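Hi,

Here is the model I promised to pass on. Have a look, and my notes follow below.

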Amino acid sequence: MRRPTHALLALAAAVGLLTAAPAPAGAEAAAPVTTTATFNDPAGDSAAQNRIRDHVVDLITRAEPASTISISMYTFTDDAVTRALTAAKDRGVDVRVILDHSTLAKDGSEYPALAGALGTDRSQGSWVYVCPERRGCIGGRVLPGDKDGAMNHNKFFLFSATGGAKDVVVQSSANLSGIQRTDLFNNAVTLVDSGLYGIYQDYFADLLAYGTTSPTGLTHYYRTPASGPYKAYFFPRKEAAGTTYDADPSTDTIKLILDNVSCAGGTQVRMAANLFTRREVAAKLVALKNAGCTVILAHDGAAGSMSGDVESIVSGKLSKRVECAESRGTGVAKVGLHSKYLLIEGGYDGVAGRKLVWTGSHNYTYPALRSGDETLLKIDDPALYARFRADHDHLMAYCAGS
């Protein structure tokens with residue numbers, strides 16, 4: 001039996017593990033922007049559901065005149081964010097947005113409103129650009145059986161100056177759409193770091209450059225730049241010569257991360273997975289459990305979110321596992337899980353007592369690894385780890401009924 005969401009949120013708030021909803025625009029004594037983590041709760045009230053979106057709107061609202069906002073997003077149907085970006089542009093902020101082509105066909109697409117407010121002339125300070133059809137801006141590979149082709153699956157926001165802070169990166173798992181707030185668990189991290197900001201700006205420039213000049217996109221782009229406690233992984237990553245895209249553990253980034261885990265001393269490996277199809281990752285999780293690690297998985301319970309191969313590999317072989325597909329009553333969509341993150345507490349890369357987070361847009365699927373524009377972000381920060389750990393505990397408790 002799962003514990004009520006409101007009780008879990010009250011407990012988390014009491015120990016400072018969940019980010020409070022931002023103050024309304026124009027509120028006095030607004031807190032300065034700092035490094036933090038934000039988690040929505042689709043099973044909560046409207047404030048809890050909108051927590052990530054409202055945090056982003058708050059950052060946009062507080063962006064300083066003559067500053068720059070840069071966004072790369074898969075789906076964009078949220079008119080509140082469009083209004084905030086329009087107001088920012090009107091007060092002198094340069095607003096630059098890169099979208100996946102598929103968002104044009106989404107019901108309620110905000111592209112027309114963005115194009116009207118920002119323009120499409122990239123020689124100007126503000127603009128919106130759509131990646132080419134059936135590919136990402138960088139990734140252009142179409143995998144066997146993939147009818148949609150590659151995509152720009154990114155979900156990040158860059159602020160050169162907002163809320164008294166400079167060089168702010170927001171990496172989220174959430175698209176800018178209603179269902180991401182009301183029906184799906186998501187996460188976001190806000191990081192104030194000039195080195196990481198520069199890394200993301202370089203990547204943003206590459207998205208635009210390849211999207212506008214490369215006729216087919218790339219089959220391989222993989223980059224892994226680092227800044228202090230942060231390391232970014234940008235995809236697609238191609239398999240080694242002589243192997244196939246879905247059978248090469250030597251180039252599976254998540255599997256290689258897990259290879260660095262030592263199970264001595266009670267290491268815990270926790271995963272929140274929206275989509276999970278990579279056999280190599282599943283097999284490694286089972287191997288870590290067998291080696292003495294505690295391996296705990298929360299994953300989305302929608303049909304097709306976990307492949308049959310992965311199901312057969314992990315079924316009954318992990319320390320604990322839940323599916324997030326919780327009923328909220330007749331005629332109401334089930335609560336699901338859209339977050340994608342990996343937590344490691346214990347031995348990693350020869351060092352004991354680590355508390356590490358990997359999060360971003362990157363699903364545990366072959367397209368995320370081999371074809372699309374994706375970002376995975378490593379965070380070596382015990383305080384942020386504690387927030388993700390609290391969120392994972394919440395997922396495990398809430399979804400235990402499925």
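I call a residue buried under 20% relative accessible area, exposed over 50% and partly exposed in between, with a 1.4 Å probe and protein chains only. Helices (H or I, at least four residues) and strands (E, at least two) are DSSP runs numbered from the N terminus. This is a predicted model, so to speak of local features I need pLDDT of at least 70, side-chain atom pairs count only at pLDDT 80 or more, and totals for chains, interfaces and linings use all residues. Numbering runs from 1 along each chain as its sequence is written, and side-chain values use heavy atoms, leaving out hydrogens and water.

First, α7 (residues 194-213): among its buried residues are L196, Y200, F204 and L208.

R278 counts as buried because its relative accessibility is 0%. Its side chain makes a polar contact with that of H362 at 3.0 Å (a pair of N or O atoms within 3.5 Å; within protein, one must be able to donate a hydrogen and the other to accept it, and residues adjacent in sequence count only if both atoms are side-chain atoms).

Lastly, R53, V57 and I60 in α3 meet A80, V81, A84, L85 and A88 in α4, contact meaning heavy atoms within 4.5 Å.

Cheers
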